[in-house]
Amino acid sequence: MSHRSIDSTRLLGRIAELGAIGRDAEGRLVRLAASDSEKLGRDRFISWLEEAGLEVAVDRIGNIFGIWNGMGGGEKPIMIGSHIDTVINAGIYDGCYGVLAGLEVIQTLKDEGFEPSRPIVVAAFTNEEGVRYAPDMIGSLVYSGGLDVAEALETVGTDGTVLGDELARIGYAGSHAPGFMIPHAYVELHIEQGPVLERQGVPVGAVENLQGISWQKVTIDGDANHAGTTPISMRRDAGYAAARVITFLRDRAKASNTPTVATVGCIAFEPNAINVIPSRATFTVDLRDPDEDRLQEEENALAAFLELLSAEEGVGVSVERLARFEPVKFDQSIVHLIEVAARDRGLACKRMTSGAGHDAQMIARIAPGAMIFVPSRGGISHNPKEFTSDTDLVAGANILLDVVCGLATGELPR
Ligand code: GLV
Ligand code: MN
Ligand code: MN
């Protein structure tokens with residue numbers, strides 16, 4: 001059976017080129033949402049959309065769309081999306097691969113005169129990572145109606161900036177109302193960012209669900225005092241209390257024998273001095289679980305532990321919720337379409353759960369969707385060592401091509 005193929009040189013070249021944009025003085029990739037460096041990435045992406053002859057649209061939350069109307073203007077589009085913002089000191093594949101593969105699929109189909117029955121759109125959603133603004137996936141969340149755009153634009157970032165101001169400053173406060181195109185179907189291609197596919201020697205993952213995410217910011221207040229003169233029994237040590245929360249979360253997750261994961265990724269002490277007992281500790285908690293009841297149990301257990309800690313250590317504790325997303329089940333027929341596409345290309349495929357958050361989980365609120373994963377070497381991501389082989393990247397993009405063709409011609413296997 002002969003298959004059409006994407007242009008692998010063009011795709012891999014663009015991944016490398018986008019990966020070179022937004023490097024800081026130390027050479028680290030830091031393309032935080034709506035920053036100057038992200039603007040450069042956005043500009044380059046738009047130049048490629050224009051080069052491919054796509055109509056470019058930007059909505060009020062800064063999501064970028066490249067629209068190929070084909071023969072099917074007026075119909076609901078097939079949307080392929082992901083993000084081009086990054087974490088701090090990122091790899092080059094997270095998000096960018098899915099966006100650039102989406103463009104590549106459209107360009108391939110367009111070049112060969114394919115006639116889709118409906119428009120095909122590639123989307124780059126704003127602030128998927130959530131490093132600068134919480135919640136993460138804010139662009140796709142707003143797009144799918146989960147958060148009011150005016151409220152989202154007022155979000156204050158970790159650096160004190162306001163998302164709406166920053167989007168306006170970099171020229172990406174668009175005019176389209178978020179949700180202006182409701183997709184017929186949504187597909188997102190992404191690196192796995194975990195070890196499962198590589199360990200099992202499977203090149204393609206058909207992602208059937210995505211775990212729930214709970215982000216909280218905890219502030220613990222104690223008393224600053226002299227590190228040399230204050231007996232341990234007389235301390236209200238916010239730093240020590242924070243450390244107890246970190247070990248509580250880790251020990252609980254480890255002992256649970258469930259897929260629950262817990263991470264404290266940010267922490268700050270005040271006054272942050274070697275010989276002063278911390279008066280304040282502020283830290284984040286990232287809790288995830290594919291099961292909603294279990295995720296709630298973990299949240300409740302943390303809340304109970306914080307109460308106990310407050311009593312035992314005499315510290316004040318306050319909690320702010322930064323993000324909360326329930327687990328998502330993707331569309332079975334699209335998951336099956338991915339499996340069929342892999343089988344037809346002679347590639348092993350595994351149904352799996354996504355451990356990471358993705359725009360697909362937001363768009364699933366308004367359209368049937370699913371995700372395709374390719375292996376991540378060593379399961380490493382959110383790290384410059386993030387790597388997927390060219391062979392796997394190209395294979396994944398070709399699966400995306402087949403799935404989009406299947407959706408565009410209405411040939412959904414049942
Ligand atoms: C996004 O990358 C997330 O899962 O935190
Ligand atoms: Mn991502
Ligand atoms: Mn990420």
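## A bridged pair of manganese ions

In this predicted model, two manganese ions, ligand 3 and ligand 2, lie 3.6 Å apart and are bridged by aspartate 94. The manganese ion that is ligand 3 is coordinated by Asp94 through OD, by Glu129 through two entries of OE, and by His382 through NE2, at 2.1 to 2.4 Å. Along the chain, the donors of this manganese ion (ligand 3) follow the spacing D-x34-E-x252-H.

Aspartate 94 sits in the loop between strand E3 (78-82) and helix H3 (96-111), while glutamate 129 sits in the loop between strand E4 (120-124) and helix H4 (138-143), so the pair ties together parts that are 35 residues apart in sequence. With a relative accessibility of 6%, aspartate 94 counts as buried, and glutamate 129, at 8%, counts as buried too; the cut-off for this term is a relative accessible area under 20%.

Strand E6, which covers residues 204-210, is largely enclosed by the rest of the structure, because six of its seven residues are buried.

E6 pairs with strand E13 (residues 349-354) in the parallel sense over six bridges, and here valine 204 stands opposite cysteine 349 of E13. Strand E14 (residues 369-374) runs antiparallel to E6 and is joined to it by three bridges, with isoleucine 372 of E14 as the bridge partner of alanine 206. Strand E12 (residues 328-329) also pairs with E6 in the antiparallel sense, over two bridges, and there lysine 329 of E12 is the bridge partner of asparagine 209.

Note on methods:
Residues are numbered from 1 along each chain as its sequence is written. Chains are lettered from A and ligands numbered from 1 in the order in which they are written. This is a predicted model: local features need pLDDT of at least 70, side-chain atom pairs count only at pLDDT 80 or more; totals for chains, interfaces and linings use all residues. Side-chain values use heavy atoms; hydrogens and water are left out. Donors are N, O and S atoms within 2.8 Å of the metal (3.2 Å for Na, K and Ca); water is not among the atoms, so sites may look incomplete. Helices (H or I, at least four residues) and strands (E, at least two) are DSSP runs, numbered from the N terminus. Buried means under 20% relative accessible area, exposed over 50%, partly exposed in between (1.4 Å probe, protein chains only). Two strands pair if DSSP finds at least two bridges between them.
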